[in-house]
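The sequence and the structure come first.

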Amino acid sequence: MRFTPWWSRVMSFLVDYFLVSIPSGVASLVDPRSTALEAGLGVVTFALLVYNRWYLGGRGQSWGKKLLDTHLHKEATGRPIGTWKSFVRDVCHLLDALPCFLGFLWPLWDSRRQTFADKLVKTVVAPAETPLPEPLAPNWQAPGRPEGAA
């Protein structure tokens, strides 16, 4: 499996950051002294952050990842990680920043191109054209029935 290069991950983050910060930037340009406008557009900025980073990101592609044609998914299954795990991954990015931002640079030499947060939540970022594995079939059986019985 191929993994997304570091520069592509950085660019997708910058696209996400730029697009989400547009409302707050507009508030600063329109009336920098208006606390009400800044607060109102700050709520819009937060709503865009939630939608883009966690809702879309939990489904595999934020706006930046879509633009750069990459997917975030579970390392074991190749499926999207879900909204909650996407949020946890972003919180874990705090660990990437602690040792002089070393965790954000880690994908430069890591064989799976993972940050510390990716390693903790077991995720990878891969180019969209990389074929994802088929979902694993559950090995469930009805209670009290021998395996292979219909």
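The model is predicted, and it holds 1 cavity of 30 Å³ or more.

**Cavity**

Rolling a probe the size of a water molecule over the atoms shows where empty space is left. The largest cavity has a volume of about 60 Å³. Its lining is formed by Asp16, Arg53, Gly57, Ser62, Lys65, Leu72, Ser86, Arg89 and Asp90. Sorted by class, the lining of the largest cavity has 5 charged residues, 3 polar residues and 1 nonpolar residue. Helix α4, residues 83-97, gives the largest share of this lining, with 3 residues.

**Backbone angles**

Most residues other than glycine have a negative phi. Asp69 has a positive phi, near 60°, and is not a glycine. Lys122, also a residue other than glycine, has a positive phi near 60°.

Where in the chain do these residues lie? Asp69 is in the loop between α3 (63-67) and β1 (70-74). Lys122 is in the loop between α6 (116-121) and β2 (123-127).

| Residue | Phi | Relative accessible area |
|---|---|---|
| Asp69 | near 60° | 40% |
| Lys122 | near 60° | 51% |

Why is Lys122 counted as exposed? Its relative accessibility is 51%, and exposed means over 50%. Asp69, at 40%, is partly exposed, because that class lies between under 20%, which is buried, and over 50%, which is exposed.

Notes: Residues numbered from 1 in each chain as written. Predicted model: local features only at pLDDT ≥ 70, side-chain atom pairs only at ≥ 80, totals over all residues. Heavy atoms only, no water. 1 Å grid on protein atoms, 1.4 Å probe; cavity = no way out; pocket = protein on both sides within 12 Å on 5 of 7 lines; lining within 4 Å. Points joined across faces, edges and corners; volume = space filled by probe spheres on them. Helix = DSSP H or I, 4+ residues; strand = E, 2+ residues; numbered from the N terminus. Nonpolar A, V, L, I, M, F, W, Y, C, P; charged D, E, K, R; others polar. Buried < 20%, exposed > 50% of the residue type's maximum accessible area, 1.4 Å probe, protein only.
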